[in-house]
Amino acid sequence: MLERIEQAKKTIHAACEKVGRQIQVMEVCGTHTVSIFRHGIRSLLPENLKLLSGPGCPVCVTDQGYIDVVMDLARRDDCIIATYGDMIRVPGKGGSLESLHRDNIKVVLSTDDGLALAKKHPDKLVVFVAVGFETTTPASAVAVADAASEGVDNFCILSGHKLVVPAMQALLGSKNDKIDAFLCPGHVSVILGSDAYKPVVEEFKRPCVVAGFEGVQILEGLANICEQIADGRADIDSVYGAAVTPQGNKVAWKIITDTFEPCDGPWRGLGVIPGATLKLKNEYKQFDVLHRFGIKEVPTEEPAGCQCGQILCGLLDPPQCGLFGNKCTPDTPVGPCMVSTEGACSAWYKYGK
Amino acid sequence: MCLAVPARIIEKEGDKAVADAMGNRWNIRVTLTPDIEVGDVVLIHAGYAIAKVDEEEAKKTWELFDEIAHFEAERLKAEQQGGDDA
């Protein structure tokens, strides 16, 4: 293990010295952000290699308008809210789900648990708070397909599911683009397959390397990226091993595309990204709570002074936000990047630099 | 949020299965990995197996979790004693 770490470190330093200028690598995934801090990766890197935290924490990029819809539904006596624990503390207008202290808000570990709640409470509408990237979306798709085939009419989802690759393309297409390469998410790539990054590599000529979450894998991923930049290459590669294949989990991807279709939707901080949000297909629209209640999601303004948007694009580091560490802490979060344990602000606050 | 943990399939019936990681057991679905068998090691995310993984890689992750749990316990102990963070 030590040998692998030393080897990766050596490669990174040699490549960065050869390149000379500042290199900026974005880790797309929030789990990488936390792991980079936890393993003290930054302390091993040369000065001209900067890591940027990207928009890869699903909680962080969920628009406040979405949270507000969840809050409104949670206040209804005819609804039960089933949510992953990650969403429980995200502030919308008038507080978070947790602060409502209502019995109809249930934290679940899987969509199956949400569906079971619907079967147990036939007089209520169970709304599943369906957030997450490609890793998480298949579970929602299976639940909707199960609800349809079993005739569970009192189950709905509020889809906030998002697609990672169009968001990466949007970042590169923006005028503020200063990203040299991407360290690509491990478990999103298990589903997507590493070939999914082809548009980023071919259109934008930026290296995309998939890594797992151990410190040594992150270092090896960075070494691979730095070597590519030094050689003037932009390829897809993976240092994650057997779990990530070029074509991904085709069964899971088919279930996603049978159930959902891409649409234009808001990402917090990045605005509306074309084709980067998933909504239920027409044949499943009765399981879409927006359709069921005729609700329109209204994008809302960010809390005053909150820089989560800039942070999610890699334009600012969390300590550059005026609220960081004083008005905004993990105990009193203002923005979503401080709420989620995988948010950049929470990780910076917890582990410092 | 996209964290997945490796676990071994110890029972399987249809697309439902029981998985074990370091003695922790979960009821999971194998809808997304129809080809897996009892004895295989899979990555589990939100109640679903998402991929078959190599046993050696899984072992490394289990060891890492053990290490983190140990580290966290030490840190909490140090905090409770009012000492510096580990």
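Which residues are buried in helix H12 (residues 250-259) of chain A?

## Helix H12 of chain A

The model described here is predicted. In H12(A), the buried residues are A:Ala252, A:Trp253, A:Ile255, A:Ile256 and A:Thr259. Seen down the axis of H12(A), these buried residues fall within an arc of 160 degrees, so they line one face of the helix.

The buried residues of H12(A) pack against elements of both chains. From chain A these are H7, helix H9 (186-192), strand E10 (260-267) and strand E11 (271-280). From chain B there is strand E5 (48-52).

## Helix H6 of chain A

Helix H6 spans residues 111-120 of chain A, and its buried residues are A:Thr111, A:Asp112, A:Gly114, A:Leu115 and A:Ala118. Their directions from the axis of H6(A) fall within an arc of 160 degrees, so they line one face of the helix. The cover over the buried residues of H6(A) includes strand E3 (79-83), strand E5 (125-132), helix H7 (137-150) and strand E6 (155-161) of chain A, along with strand E3 (24-29) of chain B.

H6(A) and H7(A) pack with their axes 9 Å apart, at an angle of about 30 degrees. An angle under 35 degrees counts as roughly parallel, and H6(A) and H7(A) are therefore roughly parallel to each other. The crossing is right-handed.

On the H6(A) side, the contact is made by A:Thr111, A:Asp112, A:Gly114 and A:Leu115. H7(A) contributes A:Ala139, A:Ser140, A:Val142, A:Ala143, A:Asp146 and A:Ala147. By class, the contact of H6(A) with H7(A) has five nonpolar, three polar and two charged residues.

## Packing of H1 with H11

Helix H1 (residues 2-19) and helix H11 (residues 215-231), both of chain A, pack at an angle of about 30 degrees, and their axes are 8 Å apart. H1(A) and H11(A) are therefore roughly parallel to each other. Their crossing is left-handed.

Residues of H1(A) in the contact include A:Arg4, A:Ile5, A:Ala8, A:Ile12 and A:Val19. Those of H11(A) include A:Val216, A:Leu219, A:Glu220, A:Cys226 and A:Ile229. The contact of H1(A) with H11(A) divides into 13 nonpolar, one polar and five charged residues.

## Contact between chains A and B

Chain A gives 31 residues to the contact and chain B gives 20. On the side of chain A that touches chain B, at least two residues each come from helix H2 (30-38), helix H3 (58-61), H7, H9 and H12. H9(A) gives the most to that side, with four residues. By class, the side of chain A that touches chain B has 18 nonpolar, nine polar and four charged residues.

Key: Residues numbered from 1 in each chain as written. Chains lettered and ligands numbered in written order. Predicted model: local features only at pLDDT ≥ 70, side-chain atom pairs only at ≥ 80, totals over all residues. Buried ≥ 20, exposed ≤ 12 C-beta atoms within 10 Å, placed from the backbone. Arc of directions from axis to C-beta. Contact = placed C-beta atoms within 7 Å. Axes fitted to C-alpha atoms, helices over the stretch in contact; angles between N-to-C directions. Parallel < 35°, antiparallel > 145°, perpendicular 65-115°, else oblique. Left-handed = near helix turned anticlockwise from the far one by under 90°. Nonpolar A, V, L, I, M, F, W, Y, C, P; charged D, E, K, R; others polar.
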